[in-house]
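Dear colleague,

Please find below the structure that I am handing over to you. My notes on what was found in it follow directly after.

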Amino acid sequence: MAAGLDQLKHIVVLMMENRSFDHMLGSLKAVNPAIDGYIDSDPFTNLDANKNPVKPQALAEFQGQLDPDPDHHFPAVDVQIYGGATGAGRVATMQGFVTSYFQQQEDVGHSQKIMYYFKQSDLPVLTTLALQFAVFNRWFASIPGPTICNRAFAHYGTSFGRVDMDPFDVIEPIKSIYTRLVTADPKHSAKVYYYDTSSSSMEVANLLQNQTEVFGTYPQFLSDCDKGLLPDYSFIEPNFSDHDSDDGEAVASDQHPDHDVQAGEALIAEVYTHIKNGPNWASTALLLVYDEHGAIFDHVPPPACPKDTFHSTQVDPGTGLPFQFDRLGVRVPAILISPWIPKGTVVNRVFDHASIPATITKFFLGSYPHVSLREANAAVFIEPNNGQGNLANNLLSLDAMRDDCPDFKMSS
């Protein structure tokens with residue numbers, strides 16, 4: 001029996017910005033020991049510039065603490081993961097976060113703030129959803145680098161060999177997940193909902209490709225939820241910047257340091273609430289995930305993975321070595337939400353952002369001939385109930401819908 005999968009018609013992804021698992025959800029280990037977070041008895045530390053051990057502390061603030069923006073470009077992340085070690089045989093110790101942040105200001109006290117994390121009570125929306133639905137212990141960024149290339153994996157299953165923030169070239173025959181869906185026979189509906197015309201990510205231009213039907217604004221998403229008009233697949237972008245809008249000042253809601261984390265909490269609550277209160281709730285699964293760790297500490301070393309179809313040159317990574325796309329980036333928060341998921345589900349399989357197009361393709365299309373090697377090898381987080389899925393991994397496993405899913409008070 002897979003009643004939840006039989007009901008499922010809509011998959012929504014909300015991708016936030018630049019926060020690590022331990023930083024946002026690590027405190028939940030004290031609530032549920034199955035969640036691989038951080039507690040005070042854990043021995044994990046980083047050394048500061050004076051060679052003193054720095055333990056994680058529950059001192060994270062909503063805004064004003066991580067300024068300047070911690071360096072999350074490829075060379076800096078390499079330091080964070082490997083502690084500055086180079087050469088063959090090096091080991092991912094996850095002990096270079098303080099060292100990396102110190103390099104930006106050479107302020108010992110300030111560099112220690114990269115080891116701060118939020119208490120459960122600081123993030124009532126995010127932590128409630130993690131405890132009430134399915135939290136992923138092993139969801140990693142697709143590469144140890146910045147936003148654009150990691151978001152490309154969510155849209156294409158690859159970044160076409162790029163590890164930097166420059167716009168990338170789409171290399172045929174690989175298509176975005178949106179193109180795959182809207183050109184399929186039978187056709188499926190798909191949309192990227194960006195916040196507004198003043199706030200959208202750089203890779204959106206690559207997705208356009210004369211397909212205006214795959215774009216909508218965030219207010220349209222809320223309306224589509226309320227009216228039961230959600231497409232088969234939706235990808236939501238937060239507001240990436242503080243700016244003036246037609247309705248007044250729009251506050252950045254992406255949670256990218258040093259934006260207000262509480263604004264992101266409000267966005268997550270709004271997306272969840274409109275889905276839950278809309279007519280598509282029983283037939284919708286929402287994945288909440290972050291694009292990369294933003295240079296903030298995490299104690300779990302990223303694993304190796306199969307090489308991608310594309311790889312970097314020696315020049316691109318800034319490390320003097322070519323990157324073969326054969327290891328993942330740092331762990332990020334990821335939560336799957338559906339009334340068919342048992343409360344307190346914890347998932348230990350390894351995922352990365354290539355799992356998004358892999359899952360959407362497998363669920364709606366069954367198979368697709370032209371995908372990257374990374375996508376072809378990525379785990380899927382929703383198994384199709386069509387004879388092609390491994391129902392032993394089905395997270396929507398309840399026989400009946402839950403009637404105890406949480407509600408959040410919405411600000412007026």
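The largest cavity in this predicted model is lined by R19, H23, E61, F62, Q63, Q65, L66 and D258. A cavity here is a set of points, on a 1 Å grid over the protein atoms alone, where a 1.4 Å probe fits but cannot get out, and lining residues have an atom within 4 Å of a point. The lining divides into two nonpolar, three polar and three charged residues; Ala, Val, Leu, Ile, Met, Phe, Trp, Tyr, Cys and Pro count as nonpolar, Asp, Glu, Lys and Arg as charged, and the others, Gly among them, as polar. The space in the largest cavity is about 30 Å³, a volume being the space filled by probe spheres set on the grid points, which are joined across faces, edges and corners. A search of the whole structure finds one cavity of 30 Å³ or more.

Regarding the conventions, residues are numbered from 1 along each chain as its sequence is written, and side-chain values use heavy atoms, with hydrogens and water left out. As the model is predicted, local features need pLDDT of at least 70 and side-chain atom pairs count only at pLDDT 80 or more, whereas totals for chains, interfaces and linings use all residues.

Next, strand 8 covers residues 233-236; strands (E, at least two residues) and helices (H or I, at least four) are DSSP runs, numbered from the N terminus. In a regular strand the side chains alternate between the two faces of the sheet. In strand 8, Y233 and F235 point one way and S234 and I236 the other, and all are buried, that is, under 20% relative accessible area with a 1.4 Å probe and protein chains only, while exposed means over 50% and partly exposed lies in between. Strand 8 pairs in the parallel sense with strand 1 (residues 10-16) over four bridges, where pairing requires at least two DSSP bridges. In that pairing, L14 stands opposite I236. Strand 6 (residues 190-194) also runs parallel to strand 8, joined by four bridges, and V192 stands opposite F235.

Helix 10 (residues 218-227) has Y218, F221, L222, D224 and C225 as its buried residues. They lie on the same side of helix 10, because they cover an arc of only 160° around the axis, taken from the directions from the helix axis to the C-beta atoms. The face turned away from that buried side carries the exposed residues P219 and K227.

Finally, how many disulfides are there? The count is zero, a disulfide being a pair of cysteine sulfur atoms within 2.5 Å. For C305, the nearest cysteine sulfur, that of C149, is 13 Å away.

Yours sincerely

How values were computed: On a 1 Å grid over the protein atoms alone, a cavity is a set of points where a 1.4 Å probe fits but cannot get out, and a pocket is an open set with protein on both sides within 12 Å along at least five of seven lines; lining residues have an atom within 4 Å of a point.
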